[in-house]
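Colleague: I would like to learn how to read a structure like this one. Could we go through it feature by feature?

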Amino acid sequence: MSKLKRTHTSGQLRITDVKSGVTLVGWVSSVRDHGGLIFIDLRDRYGITQVVFNPNRGKEFYETAGQLRPEYVVAIKGVVSARPEGTVNLNLDTGEIEVYADTLEILNKSETPPFEIEDESKVSLELRLKHRYLDLRRSAMQKRLIFRHKVCQTIREYLDSLNFVDIETPVLTKSTPEGARDYLVPSRVNLGKFYALPQSPQLFKQILMVAGYDRYFQIVRCFRDEDLRAQRQPEFTQMDMEMSFVDENDIIQVIEGLMSTIFDKVVGKKITTPFPRLSYREAMSSYGCDAPDLRFGMRLKDVSDIVQRSDFKVFLDTIKSGGQVRGINANGCGNYSRKDIDDLTAFVGQFGAKGLAWFKVEENGLSSSITKFFPAETQEKLQRHMEHERAICSFLLPISPRWFPSRLRNSVFILARRTNLLIPAYSTFHGL
RNA sequence: GGGGCCGUAGCUCAAUUGGUUAGAGUACCAGACUGUCGAUCUGGAUGUUGCGGGUUCGAGUCCCGUCGGCCUCGCCA
């Protein structure tokens with residue numbers, strides 16, 4: 001046990017603390033040995049403080065300082081000092097000061113880590129997971145976990161203020177198949193039988209409602225035994241809630257309040273409520289999806305009636321079989337090369353799109369490899385209907401009745417991401 | 001479960017058509033240096049080319065198998 005007791009964190013000291021005696025504890029982030037003077041960056045989850053070792057403080061002390069290596073855990077006692085002119089580091093919150101050490105204790109040495117502890121990790125995910133305790137030392141990771149913590153904390157405070165009760169429900173239960181496969185846990189007591197882990201806690205909250213806990217919530221693990229994908233994990237967390245004696249509007253208001261509180265308290269952004277509201281019909285026809293992503297404006301316009309007056313077989317067949325042709329005004333793709341469009345076509349093909357027809361607006365009207373199939377009148381209508389302007393590209397997707405709802409939005413999303421049309425989430429609430 | 005890509009120094013990656021002793025940056029080690037903060041300078045050490053088999057005069061490179069990873073489709077609210 002160290003005799004040194006931490007008095008401050010490494011993110012805490014400011015110019016106003018100059019001349020204070022302090023003790024810091026943390027990880028050595030970097031060592032800069034100048035022979036006659038050693039600087040180290042001392043890191044903890046609160047920040048980084050520069051510590052200076054001067055040989056005048058004693059030979060033995062200075063030799064110990066010379067042994068320091070990255071990731072050593074050390075305790076340092078010293079005096080806060082204003083940095084000399086010209087050596088202030090504006091990148092650090094503590095950059096106006098440094099600590100002149102007079103006592104150094106190595107609490108734990110470290111082997112050379114398998115990768116460097118940097119903000120930008122250039123290391124494979126595999127290696128990061130193998131040495132997770134090192135990966136989690138990176139401030140980028142610490143910020144994520146702390147952000148998550150703050151979101152949960154804010155949810156609890158907000159819902160508590162509205163009389164919601166946080167109640168845990170059982171995890172080892174019986175199977176209540178929903179669609180995803182259940183995770184199974186063998187029972188020791190009942191041989192040959194299994195528990196199922198909940199895909200989500202929906203079952204028990206009904207009991208709570210009936211029992212009179214009219215406002216319940218839970219931040220809870222859910223388990224679904226399905227194959228992994230990018231952005232999908234077998235276990236994940238949901239905020240689950242249930243209310244009695246309410247109507248649709250009450251629910252929407254509670255959620256809107258929750259979201260704006262989270263953005264306000266955690267992100268520091270004010271968002272306005274109520275949020276834009278769409279009917280199911282409107283969402284499906286404009287975005288092809290019951291939960292549209294409003295970060296980009298690519299609405300799907302039905303152009304079936306217009307393109308019906310053409311000789312383009314793919315479109316005609318699609319319509320004849322009960323499908324539709326929908327257009328996306330791809331503002332920003334006007335300069336796309338033939339190859340860019342081919343790439344996109346291949347990409348949406350993965351989602352089951354039969355093709356990606358395209359038109360560009362140029363001086364003399366529409367240009368495309370398939371304009372010859374479309375009479376001038378149709379082209380004109382198309383251009384007007386798609387609100388086409390110069391140098392804008394449109395994509396037309398033939399949509400079979402079976403393919404339409406589920407995967408289309410994915411294609412559109414990819415289009416948007418590829419064409420840099422995504423905007424930060426909070427802008428949505430400003431009506432952008 | 002199907003398809004694609006990848007596996008080389010601690011890490012990130014290179015290595016021409018199959019050709020001599022597998023390289024670079026960084027990390028690491030040693031030395032120098034009193035104002036650095038991606039410190040700098042000089043020098044040094046570092047490999048079962050994932051594993052097993054095959055083709056070949058010769059394999060990091062080609063073929064087969066296997067293990068691991070990433071992406072993707074199916075699946076999944």
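Modeller: Keep in mind that this is a predicted model. Start with Asn163, which counts as exposed because its relative accessibility is 61% and the cut-off for exposed is over 50%.

Colleague: Where is Asn163 found?

Modeller: Asn163 sits in the loop between helix 4 (139-161) and strand 6 (165-166).

Colleague: Is Glu71 buried or exposed?

Modeller: Glu71 counts as buried, because its relative accessibility is 4% and buried means under 20%.

Colleague: How should I read a peptide bond?

Modeller: Most peptide bonds are trans. The bond from Thr273 to Pro274 is cis, with omega near -5 degrees. Pro274 is in the loop between helix 6 (248-267) and helix 7 (280-287).

Colleague: Now the strands. In what order do the five strands of the barrel come?

Modeller: Strands of a sheet pair through backbone hydrogen bonds, either parallel or antiparallel. Here five strands close into a barrel in the order 1-2-3-5-4, with mixed pairing. From one strand to the next, the twist averages 55 degrees.

Colleague: How many bridges join strand 1 to strand 4?

Modeller: Seven bridges join strand 1 (residues 21-33) to strand 4 (residues 73-82), and the two run antiparallel. Thr23, for example, has Lys77 in strand 4 as its bridge partner.

Colleague: Which strands does helix 1 lie across?

Modeller: Helix 1 (residues 59-66) lies across strand 1, strand 2 (38-44), strand 3 (47-53) and strand 5 (97-108). Its direction makes an angle of about 75 degrees with strand 5.

Colleague: Let us take one residue from strand 5. Which residues does Tyr100 touch?

Modeller: Tyr100 is in strand 5. Leaving out residues up to four places away in sequence, Tyr100 touches Val52, Arg57, Lys77, Gly78, Val79 and Ser81. Val79 shows how sequence and space can be read side by side: Tyr100 and Val79 are 21 residues apart in sequence, and their C-alpha atoms are 5.2 Å apart.

Colleague: How many aromatic pairs does a search of the whole structure find?

Modeller: The search finds one aromatic pair. The ring centres of Phe53 and Phe61 are 5.7 Å apart and their planes are at 50 degrees, so this pair is tilted. Both Phe53 and Phe61 are buried.

Colleague: Last, how do I read the faces of a helix?

Modeller: An α-helix has 3.6 residues a turn, so residues three or four places apart point the same way. In helix 9 (residues 313-320), the buried residues are Phe315, Thr318 and Ile319. Seen down the axis of helix 9, these residues fall within an arc of 95 degrees, so they line one face of the helix.

Colleague: Which exposed residues does the face turned away from the buried side of helix 9 carry?

Modeller: That face carries Lys313 and Lys320. Helix 9 is followed by Gly322, which has a positive phi, near 95 degrees.

Note on methods: Residues are numbered from 1 along each chain as its sequence is written. Chains are lettered from A and ligands numbered from 1 in the order in which they are written. This is a predicted model: local features need pLDDT of at least 70, side-chain atom pairs count only at pLDDT 80 or more; totals for chains, interfaces and linings use all residues. Side-chain values use heavy atoms; hydrogens and water are left out. Two strands pair if DSSP finds at least two bridges between them. Helices (H or I, at least four residues) and strands (E, at least two) are DSSP runs, numbered from the N terminus. Axes are lines fitted to C-alpha atoms, for helices over the stretch in contact, and angles run from 0 to 180 degrees between N-to-C directions. Contact means heavy atoms within 4.5 Å. Buried means under 20% relative accessible area, exposed over 50%, partly exposed in between (1.4 Å probe, protein chains only). The arc is that of the directions from the helix axis to the C-beta atoms. Rings of Phe, Tyr and Trp (its six-membered ring) pair if their centres lie within 6.5 Å; planes under 30 degrees apart count as stacked, over 60 as edge-to-face and the rest as tilted.
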